[in-house]
Amino acid sequence: MTKILVIGATSAIAEHCARIWAARGDALYLVARNEERLKTIAADLKVRGAKETHSHCIDLNDIGSHAAMLDAAEAAMGGIDTVLIAHGTLSNQKACEQSVEETLAEINTNALSTISLLTHIANRFESKQAGTIAVISSVAGDRGRASNYVYGSAKAMVTAFTSGLRQRLYKSNVAVVTIKPGFVDTSMTASFKKGLLWAKPALVAAKIVRAIDKRKDEVYVPAFWWAVMAVIRVIPQKVFRRISL
Amino acid sequence: MTATAQTAITTTISGWGGYPTQDAQVIVPLSVSAYKASLQYYPSVIARGMGRSYGDSANAATVLQTTYCDHFIAFDTATGVLTLEAGVTLCDILKVTVKHGWFLPVTSGTSFVTVGGAIASDVHGKNHHVAGTFGQHVVSVTMLLGTGEVVTTSPTQLPDLFQATCGGMGLTGVILTATIQLIPVKSACINQRTIKAGSIDEACEAFEANSSSTYSVAWIDCLTTGRHLGRSVLMVGEHSGSGGLGLTIKAPITVPIHTPAALLNSMTMRAFNAAYWAKAAHNKTQTIPLLPYFYPLDAIGGWNKLYGKAGFVQYQFVLPKSDGVANMRKVLTQIAQSGAGSFLAVLKQFGPANQNLLSFPIEGYTLALDFKVSPSVIDLLHRLDDMVADMGGRVYLTKDAVMREASFKTTYPKWQEFEAVRQKYGAIGKFASAQSKRLGLA
């Protein structure tokens, strides 16, 4: 039985990961903002086999509340073995371009709040010399693109931060798993026309759980996104600036 | 609440048969309030689950897809009472309940259907003759009415609404949650016995002789004419007492693309049927895990693509028991002469009908088979519709894609009562599908 803290538990990817853990009989501490959906998901995971579920309603942009939330999770489950950080919003790029406030709010939600959580969790896991920290970043963080560079730059920060954290915590037996999903068919992307590149959250979750089990460093889910992003990364700036992506 | 547009994608949808198709706005509500908002904003909607009904019963210009409402609510492992949201699939239920010794009281031939769909279709299984339909094991349902009100309905609470909703094809409202009574099992296996029947007469006799078996179904050859018309391989089953409660789940093999429709022609299907008949062993007993026993086709993802891009129609009808065998012979002759029948044909004996207004089963014999869509097949189906109606039978709405209004209204005599219930609960004008319009429902 693993004690797992799921931050952003109402996100489709996190929820499907939690379903796999529930079926294994793990203990789950679920953190999200929407109380009604959190309750629904907690009850569901209990029926699916979770040893115990706890719900914690919080606005993760309130960085000052992070430490208390982690204390509560540790107290409720008697410690934390694994953390999945999965909260976030898909930024409205056009709105961000017109508003500094909107841009900074998106960066706050998608990068800074995650970095606050990572800092707290890293120190706690480092001192006990154990634990796995998994963070949902995104392929969008691999290279800024006109269509969503605000979201992308926030995720780039998360990717770079976790890369450094992984080096720091390697000696302390703490794994940092950076997960880069491609297009996932979730409520966050409900308005997008889906094509061949899109994956279902259940499939993405299965791959994420396996990456966490194996304490991988950085994974693209599904794996073909590694190749897609490798191509996108090597396009010279002179060419890249002209194409619309 | 204000009526606001919900996030929707515009795409082409169809039932499992791939015919007919429709351009639709697909809305995937996250919560009851999103369902309510959609109901207020769009002129008329229909709920859609896994899209596994074959024809156009979940086609409409605006559909509310239940994908995100797939949560379990409560499961009492002592009593087998399960409460869940309508978007949970039967497959997901089994993953949760079988290990605790509980199985579905009635199940359709695929596990990839939602509970909401199973209720709306009032699905039947191989145990209809002893267990009735899915709806008969539903304790209660909560649903969103056209008025925006959420109500609970059960055999004793708003019973008229309950009888219209079970088998009501989603036309009474959106099923949000359901409580169902599961049945206890000691094992995740079925003991199956195979019986070969050389003709339709022998097959019906075999059903009669095995009417005390919990499960029975027959594969039937719809292409062979003459003395062996309707030769069948009957499979009867009982829950095993041994083998443990572990569910064996294999990843399905997927059919990636539409195969050329020409691959399925009367020659290949005759060959398939001959091989199937030759391979079956008479009076053979074997123990089979639950999933392959109940859902053999679930092992092949996207098998519907085998029929090519034009799609197919599954035609399932029931004939009353009196003169059932003779009448079945007449219909089979008509089908066999057309040479258009498929390799997937299933024969089953039904027990008595229930009280639900549009529920399909009546006591007698039911046959289901696939046809590749073509104008001549649609003509054939209309001829069959007339034959079936004259014999006092009817066609399953969940499979139907082509039935005409007159056939429907003759063979489902409670349709007016159904419309009255819809009127009473504010469903008229709010819930409609391509099928309900074709069949002349308001």
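Here come some questions and answers about the two chains.

Modeller: Quick ground rules: this is a predicted model, where local features need pLDDT of at least 70, side-chain atom pairs count only at pLDDT 80 or more, and totals for chains, interfaces and linings use all residues. Residues are numbered from 1 along each chain as its sequence is written, while chains are lettered from A and ligands numbered from 1 in the order in which they are written.

Biologist: Which strands stand at the edges of the open sheet in chain A?

Modeller: The sheet has seven strands with parallel pairing, in the order β3-β2-β1-β4-β5-β6-β7. Strands are DSSP runs of E, at least two residues long, and helices are runs of H or I, at least four, both numbered from the N terminus; two strands pair if DSSP finds at least two bridges between them. An edge strand has a single partner, so one side of it is left without a neighbour, and that describes β3 (52-57) and β7 (218-221) of chain A.

Biologist: How many bridges join β5 to β6 in chain A?

Modeller: Strand β5 covers residues 132-136 and β6 covers 175-181, and they run parallel. One bridge pairs A:I133 with A:V176 of β6(A). The count joining β5(A) to β6(A) is five.

Biologist: Are helices α6 and α9 of chain B parallel or oblique to each other?

Modeller: Helix α6(B) (200-209) and helix α9(B) (324-338) pack at about 140 degrees, with axes 10 Å apart. Axes are lines fitted to C-alpha atoms, for helices over the stretch in contact, and angles run from 0 to 180 degrees between N-to-C directions. Under 35 degrees counts as roughly parallel, over 145 as roughly antiparallel, 65 to 115 as roughly perpendicular and the rest as oblique. That is why α6(B) and α9(B) are oblique.

Biologist: Which residues of α6(B) make the contact with α9(B)?

Modeller: Contact here means C-beta atoms, placed from the backbone, within 7 Å. On the α9(B) side we find B:G324, B:V325, B:M328, B:R329 and B:L332. On the α6(B) side they are B:I200, B:D201 and B:C204.

Biologist: What radius of gyration does chain B have?

Modeller: Chain B has 13 helices and 21 strands, and its C-alpha trace spans about 65 × 50 × 45 Å along its principal axes. The radius is taken over C-alpha atoms, and the globule rule is 2.2 Å times the number of residues to the power 0.38. With 442 residues, a compact globule would come out near 22 Å, which agrees with the value for chain B: 21 Å.

Biologist: How many residues of chain B are in contact with chain A?

Modeller: Chain A brings eleven residues to this contact. Chain B brings twelve.

Definitions and conventions
Contact = placed C-beta atoms within 7 Å.
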